[in-house]
Amino acid sequence: MSASKYTVMGEPEQQPPPAAMTYNPQMQQQQQPPPPPAMTYNPQMQQNMSGVDAAMMMQTNPQMQHNPMMGMMMMQQQQQMMGGGGGPGQPPPQQQWMAAPGTIPGCPPGLEYLTQIDQILVHQVVELLEAFTGFETANRYVIKNSMGQQVYYAHEESDACVRQCCANARGFIMHITDNMNQEVMRVERQFKCCAGGNCCAACEACQMDVRVEAPPGTHIGTVRQDCSLLAPKYNVMDANDDTVLLIEGPVCMLCPQFCEVEFQVQSKDGQQLGYIKKQVAGLAQEMYTNADNFGITFPMDLSVAVKATLLGAVFLIDFMYFEQKQNNR
């Protein structure tokens, strides 16, 4: 007998080799998964950080693990930008937008919203990079009505080196856009090295001021610091530089980071018509950031141009008294 007729016990029989596969480019294209859809840039996505991102950063950042107040601050930012937080296991509510009114004759385009409101809430966005590193970043603000519906969004344009060297005395251009991302208003402040103090505002060269344009390129008003001994004072002027309203702050501001500070909006004869109030944003946000919240009230029948100028006054007051260097806090 020949040995080829038997197999050794315990050894598996050898299988024939597989058939050779031929290259088929069409089959390779079918097996590849489709590419992910292209993502478009959305400026509003840059405003907030989700709770999942906040939790991941707390796990990967040793500074936040030893400082739970930072985590509280991040969650406050999420609730601020999303309009509040949902309960456990519930998705966060969506941002609410104020319905756009129709065109109003004689009203600057985009400022029709202001004809329907007598109160504005200005919430400064918490900048995480600035909170963690102390690096001064450009300010951003969400502007809402009394119902919490977003009306405008403001972002600062300034040079990075100027922000680090000049801090809150820096010049800037604040671009204010509506919910359609169209710029409807612009607030500009020039840098003045000798300005700032109440007593220094005796001459125009040393007066802090902002120029308000709506639409951009059309001057509608100015807010200019007035000379005073104790309480800060401002003149709200129209396009002809005629004073239409006055703003007067408190004589003393002790611990403005943890107390409400009210600036009264007055008529030229001293009658109070409203206020600009700096609100307490929360312990963590006040301690670790210079992000501030403001509320503005004014008569419903006030001129739209004057309302917009009062909004510009908020940015001037914020930079002069509350936009302090985070490390100094």
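# Notebook: charged pairs and rings

I began with Lys192 and Asp209, whose side chains meet in a salt bridge at 3.7 Å, N to O. The model I am reading is a predicted one. I then looked up where the two partners sit. Lys192 is in the loop between strand 5 (183–189) and strand 6 (209–213), while Asp209 is in strand 6 itself. They are 17 residues apart, so I noted the pair as a link between distant parts of the chain. Lys192 is buried, at 17% relative accessible area. Asp209 is buried as well, at 14%.

Next I checked Asp209 for another partner. Asp209 also forms a salt bridge with Arg224, with the closest N and O atoms 3.5 Å apart. This pair joins strand 6 to strand 7 (residues 219–226), across 15 residues. Arg224 has 17% relative accessibility and counts as buried, because the cut-off is under 20%.

I moved on to Lys278 and Asp292. Their side chains meet in a salt bridge of 3.9 Å, N to O. Lys278 lies in strand 11 (residues 272–279) and Asp292 in the loop between helix 7 (283–288) and strand 12 (293–297), so the bridge ties together parts 14 residues apart in sequence. I looked up burial for both. Lys278 is buried at 1% relative accessible area. Asp292 counts as buried at 0%.

I also found a network. Glu136, Glu156, Arg170 and Glu323 are joined by salt bridges that share partners. For the whole model, I noted a count of nine salt bridges.

**A buried arginine**

What does Arg163 do without a salt bridge? I found its place first: helix 6, residues 160–166. Arg163 is buried, and the nearest side chain of opposite charge, Glu156, is 5.1 Å away. The side chain of Arg163 instead reaches the backbone oxygen of Ser158, at 2.9 Å. I listed its contacts too, leaving out residues up to four places away in sequence. Arg163 touches Glu136, Thr137, Ala138, Glu156, Ser158 and Arg170. Three of these names, Glu136, Glu156 and Arg170, also belong to the network above.

**Rings**

I turned to the aromatic side chains, where the count is six pairs. Is the pair of Phe172 and Phe319 stacked or tilted? The ring centres are 4.4 Å apart and the planes are at 20°, so the pair is stacked. Phe172 is in strand 4 (residues 172–177) and Phe319 in helix 8 (residues 304–322). The two are 147 residues apart, and the pair links distant parts of the chain. Phe172 is buried at 2% relative accessibility. Phe319 is buried at 0%.

I then compared a second pair. Phe263 and Tyr321 are tilted, with 6.0 Å centre to centre and 45° between the planes. Phe263 lies in strand 10 (residues 261–266) and Tyr321 in helix 8, so this pair ties together parts 58 residues apart in sequence. Phe263 is buried at 1%. Tyr321 is buried at 15%.

Which residues cluster with Phe263? I found Phe294, Tyr321 and Phe322 in one aromatic cluster with Phe263.

My last entry is a charge over a ring. Lys277 lies over the face of Tyr275, at 4.7 Å from the ring centre.

Technical notes:
Residues numbered from 1 in each chain as written. Predicted model: local features only at pLDDT ≥ 70, side-chain atom pairs only at ≥ 80, totals over all residues. Heavy atoms only, no water. Helix = DSSP H or I, 4+ residues; strand = E, 2+ residues; numbered from the N terminus. Buried < 20%, exposed > 50% of the residue type's maximum accessible area, 1.4 Å probe, protein only. Lys, Arg positive; Asp, Glu negative; His and termini not counted. Salt bridge = Lys/Arg side-chain N within 4 Å of Asp/Glu carboxyl O. Polar contact = N/O pair within 3.5 Å; in protein donor to acceptor, adjacent residues only side chain to side chain. Contact = heavy atoms within 4.5 Å. Phe/Tyr/Trp six-rings, centres within 6.5 Å; stacked < 30°, edge-to-face > 60°. Lys NZ or Arg CZ within 6 Å of the ring centre and 35° of its normal.
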